[in-house]
Amino acid sequence: MPVLWLVLIVLVMAVAGYMLGRARALKSAGGDSRDLHSLPSYYGANVTIMTLVPAVGILIVWLLVQPILIDRTISSTVPAEAISDSMTRGLFMSDVRRIADGLDLAVTEGAMGRDEADNIRAEFTDIRDRLGNLGVALGSDVGPEVLRAAQRYRTMSSAGNLLMTLAVLAAAGVGFTISYMATGKNFRARNVVEKVIRYLLIFAATIAILTTIGILLSLVFNTIEFFRLYPAEDFFLGLTWSPSFGGGSELGILPLLWGTLYISIIALLVAVPIGLFAAIFLSEYASSTVRSFAKPMIEVLAGIPTIVYGLFALLTVGPLLMRVFGDDGIGIMQAGTAVMTAGLVMGIMLIPFVSSLSDDIINAVPQSMRDGSLGLGATRSETVKQVVLPAALPGIVGAILLAASRAIGETMIVVLGAGAAARLSMNPFDAMTTVTAKIVSQLTGDADFASPEALVAFALGMTLFVITLGLNVFALYIVRKYREQYE
Amino acid sequence: MYDTPKVENDVATTDIKISAHGCQVYYGDTHAIKDVDIDIEDTTVTAFIGPSGCGKSTFLRCLNRMNDTIDVCRVEGDIKIDGEDIYDPKVDPVQLRAKVGMVFQKPNPFPKSIYDNIAYGPRIHGLAKSKSDLDDIVESALRRAAIWDEVKDRLLAPGTGLSGGQQQRLCIARAVATEPEVLLMDEPCSALDPIATAQVEELIDELRGQYSVVIVTHSMQQAARVSQKTAFFHLGNLVEYGDTGQIFTNPQDQRTESYITGRIG
Ligand SMILES: Nc1ncnc2c1ncn2[C@@H]1O[C@H](COP(=O)(O)OP(=O)(O)OP(=O)(O)O)[C@@H](O)[C@H]1O
Ligand SMILES: [Mg+2]
C-alpha cells in the first residue's frame with residue numbers, strides 16, 4: 001500500500017477519533033460539559049493525539065531505517081568478487097537500487113508481470129534494453145549478480161512495506177482504542193494534551209539544536225582533515241594567500257581576515273551612526289505620519305538582494321570613487337573595486353538592519369521614562385541621550401553586533417565591489433578580499449574535494465564561525481554587565 | 001456650565017499663580033476636561049479630588065504641558081502662570097517644565113543610580129557649581145522626601161531596585177531637587193505607609209512656604225490635612241472649588257457632598 005494511502009487512513013482515524021472521543025466524553029457526563037474534568041475538545045484532541053503520534057512516529061522511523069537495513073543486508077550477501085575492479089561497493093549498491101526501482105516501475109506500468117520481475121534472468125534477457133524502453137537509463141549492462149541483488153532488494157522492500165503498513169495501522173488502532181476507552185468524565189484529558197504539547201515544543205527545539213550541531217560537526221571534521229594536509233601555523237600565521245591546485249599553495253588566512261575586518265569596520269562606520277540616528281529620529285522626533293511613511297521606506301533597503309548592492313558597488317560607487325580618488329583625482333585608487341567601495345555599499349545595506357532593530361528597541365523604552373525626564377525640564381535630545389539611549393543600550397549593542405555578524409558573513413558585495421586580490425594593505429582604496437569570497441572561489445570549479453586547496457574552505461568557514469560566535473558571546477557579556485548596573 | 005462658587009479672587013491680588021479659563025481637553029474624540037476655570041494661589045496647597053477617571057491627572061498635566069507628549073491630546077482655552085499664557089507659541093515648554101515640576105502617578109525612576117536620578121535635574125539645569133554642591137543638593141532632596149536614611153548607604157545602587165513606596169519618594173526627591181516654583185504631585189502617597197505619608201505631608205507643608213503645590217489625592221483625610229484649597233472634579237467638570245474647610249464641612253454642590261460622604265465615586 002502506498003505511503004500516501006497509509007497516511008490518509010491514519011488521518012481519517014484521527015479525525016474520527018476527535019469526534020468520537022468528544023462525543024463519548026460528553027455522553028459520560030450526561031451531556032453537561034461542566035461535569036467533565038476538561039473541556040470536551042480536550043478529550044477529542046487526546047484521542048487524535050494518541051492515534052496520530054505513535055503511528056506517524058513509527059512510519060517516519062521505519063521509512064528512515066528500512067532502506068538502510070536492506071542496503072546493509074544485501075550488500076553483505078554480495079561477494080567481493082562480484083564487484084568489478086572499476087567499482088566500489090557504494091556504486092554497486094546504487095546500481096542495485098536503480099535496477100530495483102526500474103523493475104518496480106516496469107511492474108506498475110504493466111511492461112512486466114510480477115512474477116517475471118521476480119524471476120527474470122540477466123543471462124537470458126537484456127535488462128538494460130527493457131528498462132531503457134521505460135525511460136530508466138542504466139550506465140552499463142546488467143550483470144547477473146546485480147540483477148539478483150536487485151530482485152532480493154525488491155522482495156525485502158515489499159515485505160518491509162507490508163510489515164510497516166501493518167505496524168502503523170496497529171499502532172493507530174491500539175492508540176485509538178486505548179484512548180477512546182479511557183475517555184470518561186474523570187479522565188484528565190487537559191493534562192495529557194498539555195504534556196504532549198510540551199513534548200512537541202521540546203522536539204522542535206531539539207531539531208533546531210541538532211541541526212546546528214550537525215552543521216558544526218561537518219565543519220569540524222573537514223577542518224581537521226584540512227589540518228592533516230596543511231600545517232595549522234602556516235594557515236593561521238601565513239601572510240600570503242596564493243592557492244594553486246597544482247600544489248605548493250600558500251594558504252595564510254591573515255590577508256583574508258584583514259580584508260574582512262577592514263571592510264566590516266568601514267561598513268559599520270557607515271551603518272551604525274546613520275542607522276542609529278535614523279532610528280532616533282523615527283522613534284523620538286518624527287510625527288506619526290512621517291513615521292508611517294519613512295519606516296517602510298527604510299525597510300525597503302533591507303529587501304534588496306545583496307547581489308543588487310554588489311552591482312551598485314561595481315557600476316556606481318566604484319566609478320564615482322575613481323573620479324575623486326583615482327588617477328584623475330588624488331591618485332591613490334587604482335581600480336573601482338576596493339575596500340572602500342565594498343565597505344560603503346555594505347554600510348548602506350546594513351542601515352535598515354541597525355535602524356529597524358534600534359527603532360524597535362527604543363520604542364520599547366516605556367513612555368514614563370521620557371515623561372519623567374521631560375517633566376524635569378529636560379529637552380528632547382537630553383532625554384534621548386541620558387535616559388532613552390542608556391535604557392535601550394543593551395538592545396542597541398545587540399543590534400550593532402548582529403550587523404557586524406552580517407558584515408563579516410557578507411559575500412556578494414565583496415565579490416563585486418572589493419576585487420579578488422588577497423592583500424595586506426592599509427590603503428582603503430586598494431582591492432582586497434574577504435574570507436567568505438575566498439570560500440566561494442575555493443569550492444567553485446572542479447576542485448578535488450580531498451585537496452587542501454578545497455578543504456581550506458572548511459577551515460575558513462570554521463574560523464568565521466568562531467569569530468561570529470565570539471562576537472555574540474561578547475554581546476551577551478556586555479548586555480549582562482549593563483543589566484547588573486541598572487536593574 | 002460650571003458652578004464654581006465665588007472664591008475671593010479679585011483681580012487685584014497678585015498671589016494667583018496659575019489661572020485656567022475655559023480649559024478643554026480632548027483625547028481624540030473623548031472630551032476629558034470640560035470647560036474648567038480655576039485660579040490656583042501661590043504659596044498654597046491645592047488638592048484635586050474626585051472619582052477615578054474624572055480627569056484630575058489630565059488637568060494636572062495641562063499645567064506643565066506634559067499633554068504635549070500625547071499625540072491624540074488637544075488642549076484648548078487659556079492657562080496662565082504668573083500671567084503668562086503657557087500655551088503661547090513663544091513659550092518654551094522645556095523652560096516651563098523646569099519651573100513647574102511634576103511627580104507622576106506611577107513612580108518612574110530612571111534606570112540609573114539613586115544618586116544620578118536625583119542629580120539629573122540639577123545637572124541639566126546647571127544648578128550645582130561643584131561636585132560637593134551636587135552632593136549637598138542630592139542629600140537635601142533625599143532628606144526632604146524622607147528617604148535619605150533608607151538609601152544613604154546605597155546611593156550608587158540602581159533606583160529601579162527600590163520598593164514601590166521608596167521609588168515614589170525617590171521621584172518626589174527628584175522633582176524637589178530642581179527647585180521648581182510650582183510642584184504638581186499626582187497621588188504622591190498612594191504606595192506609602194502612614195509614617196512615610198506623614199513625612200511627605202510634612203514636606204508638602206514645608207514647600208508651601210515658597211511654592212505653590214497642587215496635589216491629587218484619593219484620600220479625603222489627606223486633602224483635609226495638607227491643603228488650603230480643594231477642587232472637586234467629576235466626569236471632566238470642575239464641580240466645586242473653594243477653601244478646604246468649607247468644601248469638607250459645607251459643600252455647595254450635591255455631587256461634592258455625595259462624594260465626600262462616600263456615596264459616589
Ligand atoms: N492617553 C490617553 N488617551 C486617551 N484617553 C485618555 C488618556 N489618558 C486619560 N484618558 C482618559 O481621560 C479621562 C481622564 O483620565 P485621567 O487619567 O485624567 O483620570 P484621573 O482623574 O487621573 O483618574 P485616576 O484617579 O484613576 O488617576 C479618562 O476617561 C481616561 O480614560
Ligand atoms: Mg490619575
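Modeller: What follows covers the interface, the metal site and some salt bridges.
This is a predicted model, in which local features need pLDDT of at least 70 and side-chain atom pairs count only at pLDDT 80 or more, while totals for chains, interfaces and linings use all residues. Residues are numbered from 1 along each chain as its sequence is written, chains are lettered from A and ligands numbered from 1 in the order in which they are written, and side-chain values use heavy atoms, with hydrogens and water left out.

Biologist: How many residues does the contact take from chain A and from chain B?

Modeller: The contact, meaning heavy atoms within 4.5 Å, takes 22 residues from chain A and 25 residues from chain B. The buried area (the accessible area, with a 1.4 Å probe, that two parts lose on being put together, summed over both) is about 1,900 Å² between these chains, and carbon and sulfur atoms give 62% of it.

Biologist: And which salt bridge is there between chain A and chain B?

Modeller: The count between the two chains is one salt bridge, where a salt bridge is a side-chain nitrogen of Lys or Arg within 4 Å of a carboxyl oxygen of Asp or Glu. The side chains of Asp371(A) and Arg61(B) meet in it, at 3.8 Å from N to O.

Biologist: Which elements give two or more residues to the side of chain A that touches chain B?

Modeller: Those are α13, α14 (380–409) and α17 (452–486) of chain A, taking helices as DSSP runs of H or I with at least four residues and strands as runs of E with at least two, numbered from the N terminus. Of these, α13(A) gives the most to that side, with eight residues.

Biologist: Where does Ser373(A) sit, and what does it touch?

Modeller: Ser373(A) is in helix α13 (residues 367–375) of chain A, and it is buried, with a relative accessible area of 0%; buried means under 20%, exposed over 50% and partly exposed in between, using a 1.4 Å probe and protein chains only. Not counting residues up to four places away in sequence, Ser373(A) touches Ala378(A), Thr383(A), Val387(A), Phe110(B) and Tyr120(B). The side chains of Ser373(A) and Tyr120(B) are also joined by a polar contact of 2.6 Å (a pair of N or O atoms within 3.5 Å; within protein, one must be able to donate a hydrogen and the other to accept it, and residues adjacent in sequence count only if both atoms are side-chain atoms).

Biologist: Changing topic, what are the protein donors of the magnesium ion?

Modeller: They are Ser57(B) through OG and Gln105(B) through OE1, lying 1.9 to 2.3 Å from the ion, which is ligand 2. Ser57(B) lies in helix α1 (residues 56–62) of chain B and Gln105(B) in the loop between β6 (100–103) and α3 (114–124) of chain B, so the pair ties together parts that are 48 residues apart in sequence. Donors are N, O and S atoms within 2.8 Å of the metal (3.2 Å for Na, K and Ca), and water is not among the atoms, so sites may look incomplete.

Biologist: Last one: how many salt bridges are there over all chains?

Modeller: The count comes to 29. One of them joins the side chains of Arg291(A) and Asp359(A) at 3.3 Å, N to O, linking helix α10 (residues 288–303) to helix α12 (residues 339–363) of chain A across 68 residues. Arg291(A) is partly exposed at 23%, whereas Asp359(A) is buried at 0%.
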